[in-house]
Amino acid sequence: MHQITGNTRIFGILADPIQHVKTPQGINQHFAAEAFDGVMVPIHVGEGELATVVQGLRAVRNLSGFVVTVPHKSAMVALCDQVSAAARLIGAVNVVHRSADGRLHGTMLDGEGFVAGLRQQGIEPAGLSAYLAGAGGAASAIAFALVRAGVSRLTVANRTSDKALQLIERIRSIHPAAVLNVGTEDPSGHELVINGTSLGLRPGDALPLQADKLQASQVVAEIIMQPAETPLLSAAKARGCRIHFGAPMLSSQLALMAAFMRGKLEQLEVAP
Ligand code: ATR
């Protein structure tokens, strides 16, 4: 077993509730595989206590970073000294690096995790035309990461179409050359089709898009992890599409989180 000493770098995960968090297992396994002398511990922080805890963590000299999860992701934005363009656009931070001077650098890696998960399964989004259902928190992170990854165009469709339009305008303010449109429920004409809504989580949910329009040439991807095969993925499979599950989004994010917390801040594109 890994011995914790005075040289061990400390990492945290700030959450409430804390009992269910699984990230420490994944991160600690990752550190072990890399032979890195670090340990992640769960830190239980109630909703009104984030600022106090974060102020204290700034002064902890052997702390390199922490993961931020429910309910703290939005509040963490204002507590960082520097945040990435993605975190600013989405309005949430899920990982922080503490530099040696005690400054805190934050970003949001949900979208990058999704893109890394696609690549891990051999799907390169660069150059593909993409259709995304949803314009909430998760979908915004994915939309931004897809544009950064170089999709040829992105269509965003949302029940509340104003939110899709706002998302597109925010992305355009950072990537003015991106080809972005608001779409309908019909995903025809796109190579990569993604469900970024919460539809499919609960039994009896409606489909997030017109699955009867799917064609075998399309890749259909989910962000929902439980159930693994959502009604959308079942419908896509029946129509001969390649399907992509939700789980790689999280598993691929672990390595990105570990790198960021250790100070590899390539993700930190500061907003103009
Ligand atoms: P998350 O953080 O999981 O992304 P969210 O920000 O609340 O959660 O976003 C949920 C997304 O699922 C939104 O795109 C939402 O559409 P609206 O913006 O119109 O609310 C979508 N969604 C949730 N329930 C839906 C439903 N019954 N029909 C259509 N879209 C739904």
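Residues are numbered from 1 along each chain in the order in which its sequence is written. Because the model is predicted, local features are reported only at pLDDT of at least 70 and side-chain atom pairs only at pLDDT 80 or more, whereas totals for chains, interfaces and linings use all residues. Helices (H or I, at least four residues) and strands (E, at least two) are DSSP runs, numbered from the N terminus.

The account begins with strand β1 and its partners. Of the 7 residues of β1, 5 are buried, so the strand is largely enclosed by the rest of the structure. A residue is called buried if 20 or more other C-beta atoms lie within 10 Å of its own, exposed if 12 or fewer do, and partly exposed in between, with C-beta atoms placed from the backbone. Strand β1 runs parallel to β2, to which 7 bridges join it; strands count as paired if DSSP finds at least two bridges between them. Ile10 stands opposite Val39 in β2, and the bridge partner of Ile10 in β3 is Leu63. Between β1 and β3, which are also parallel, there are 5 bridges.

Strand β3 is itself mostly covered, with 5 of its 6 residues buried. It is joined by 3 bridges to β5 (residues 95-98), and these two strands run antiparallel. Phe66 stands opposite Val96 of β5.

Most residues other than glycine have a negative phi, and most peptide bonds are trans. Asp16 and Pro17 are joined by a cis peptide bond with omega of about 5°, and Pro17 lies in the loop between β1 (9-15) and α1 (23-33). A further cis bond leads from Val70 to Pro71, with omega near 5°; Pro71 belongs to the loop between β3 (63-68) and β4 (82-83). Ala35, a residue other than glycine, has a positive phi, near 55°. Ala35 is placed in the loop between α1 and β2 (38-44), and it counts as exposed because it has 7 C-beta neighbours inside 10 Å.

The loop between β10 and β11 contains Leu199. With 19 C-beta neighbours inside 10 Å, Leu199 is classed as partly exposed. Apart from neighbours within four places in sequence, Leu199 is in contact (C-beta atoms, placed from the backbone, within 7 Å) with Asp205, Ala206, Leu207 and Pro208. Leu199 and Ser251 are 52 residues apart in sequence, and their C-alpha atoms are 21 Å apart in space.

Two helices then call for attention. The axes of α4 (residues 110-120) and α8 (residues 247-261) come within 7 Å and cross at roughly 105°. The two helices are therefore roughly perpendicular, a class that covers angles of 65 to 115 degrees; angles under 35 count as roughly parallel, over 145 as roughly antiparallel and the rest as oblique. Helix α4 contributes Glu112, Gly113, Phe114, Ala116, Gly117 and Gln120 to the contact, and α8 contributes Pro248, Met249, Leu250, Ser252, Gln253 and Leu256. By class, this contact has 6 nonpolar, 5 polar and 1 charged residues. Here Ala, Val, Leu, Ile, Met, Phe, Trp, Tyr, Cys and Pro count as nonpolar, Asp, Glu, Lys and Arg as charged, and the others, Gly among them, as polar.

The last topic is the ligand. There are 13 residues around it (C-beta atom, placed from the backbone, within 6 Å), of which Gly136, Gly137, Arg159, Thr160 and Thr197 come nearest. Helix α5 (residues 137-149) gives the most to this shell, with 3 residues. The shell around the ligand has 4 nonpolar, 7 polar and 2 charged residues.

Methods: Axes fitted to C-alpha atoms, helices over the stretch in contact; angles between N-to-C directions. Contact = placed C-beta atoms within 7 Å.
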